Amino acid sequence: MLGCSGSFGGSGGAACSGYLLQSGDTSIWMDCGNGTFGHLQEHIDVRDLTAVMLTHGHPDHCVDIYGLHILMRYGLGREAIPVYAPAGLDGHLGALVSDFGNTFAWNAIGDGDIAQVGGIELRFSRTDHPPPTYAVEARAGGKRLIYTADTGPGWTVGAFEPGADLVLSEATYLHEHRPAAIHLSARQAGEAARDARAQRLILTHLWPRVDPVRAAEEGAEAFGGPVTLAAAHMVTVV
């Protein structure tokens, strides 16, 4: 986990959404929220990065790609780094830098698409979130991880095959206070993972002002078993 703060960075330098997904010699930076690039460099040599995957264009999930661009283009001279992202996001993000040059090779993703990235297979499902946003199922070594990205309750992890080894679910709010219908509460995250027969559940993207202890309790009660709260630098084996 590179960062797990929901919607904005928390106190003490808490980074937003970002995860390093690894299998064998494949390393995918999944979401590049603010604050995650520095954490990424604590875990791998950036030259070893296989690809980047952006679930959508909200800043708390993508803005640190600018730092990657600067390092790769002007520091390391690397080109054509694969980036998997919703169609049009390259142009949207490129407006701030005028030109990404040849740093990235953009690959548009859509609902139901499948991409083989090194030793990891990625499958995408459009979620219930305003900009085009895609949940990701990652398969490698007989294991399956589902990352919900951002979503409201109109989409669930049940869109993928049931019985995932691990669900990494956004759980922005407590159920008693859900100011925006474009995110889940911890209870909703737990219920969806339970209904999809997930083996394990990690809650992420908590609103920084939400009590994490209460979120964990609410999620666990709905899931029907223990849940884990995501934390920066936490390493999890699927």
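This is a predicted model: local features need pLDDT of at least 70, side-chain atom pairs count only at pLDDT 80 or more; totals for chains, interfaces and linings use all residues.

Trainee: What makes strand 2 and strand 3 a pair?

Mentor: Pairing needs at least two bridges. Strand 2 (residues 26-32) and strand 3 (residues 51-53) have three bridges, in the parallel sense, so they count as paired.

Trainee: Which sheet do they belong to?

Mentor: An open sheet of five strands, in the order 1-2-3-4-5 and with mixed pairing.

Trainee: Why are strand 1 and strand 5 called edge strands?

Mentor: Strand 1 (18-23) and strand 5 (104-109) each have a single partner strand, so one side of each has no neighbour in the sheet. Neighbouring strands of this sheet are turned by 20° against each other on average, direction ignored.

Trainee: What packs on this sheet?

Mentor: Helix 1 (residues 36-43) touches strand 1 and strand 2, with its direction at about 165° to that of strand 2. Helix 3 (residues 65-76) touches strand 2, strand 3, strand 4 (81-86) and strand 5.

Trainee: How do you know that helix 5 and helix 6 are roughly parallel?

Mentor: Angles under 35 degrees count as roughly parallel. Helix 5 (residues 186-195) and helix 6 (residues 212-223) pack at about 30°, with their axes 7 Å apart, and are therefore roughly parallel to each other. Among the residues making the contact are Gly190 of helix 5 and Gly219 of helix 6. The contact residues divide into five nonpolar, two polar and four charged.

Trainee: Where do these two helices lie on a sheet?

Mentor: Helix 5 lies across strand 10 (166-170) and strand 11 (201-204), at about 155° to strand 11. Helix 6 touches strand 11 and strand 12, and its direction makes about 145° with that of strand 11. These strands belong to an open sheet of seven strands in the order 6-7-8-9-10-11-12, with mixed pairing.

Trainee: How are strand 8 and strand 9 joined?

Mentor: Strand 8 (residues 134-140) and strand 9 (residues 143-147) run antiparallel and are joined by five bridges. Ala138 has Leu145 in strand 9 as its bridge partner.

Trainee: And the whole chain, what makes it as compact as a globular protein of that length?

Mentor: The protein chain has six helices and 12 strands. Its radius of gyration is 17 Å, close to the 18 Å that the globule rule gives for 238 residues, so the protein chain is as compact as a globular protein of that length.

Note on methods. Residues are numbered from 1 along each chain as its sequence is written. Side-chain values use heavy atoms; hydrogens and water are left out. Helices (H or I, at least four residues) and strands (E, at least two) are DSSP runs, numbered from the N terminus. Axes are lines fitted to C-alpha atoms, for helices over the stretch in contact, and angles run from 0 to 180 degrees between N-to-C directions. Contact means heavy atoms within 4.5 Å. Angles under 35 degrees count as roughly parallel, over 145 as roughly antiparallel, 65 to 115 as roughly perpendicular and the rest as oblique. Ala, Val, Leu, Ile, Met, Phe, Trp, Tyr, Cys and Pro count as nonpolar, Asp, Glu, Lys and Arg as charged, and the others, Gly among them, as polar. The radius of gyration is taken over C-alpha atoms; the globule rule is 2.2 Å times the number of residues to the power 0.38.
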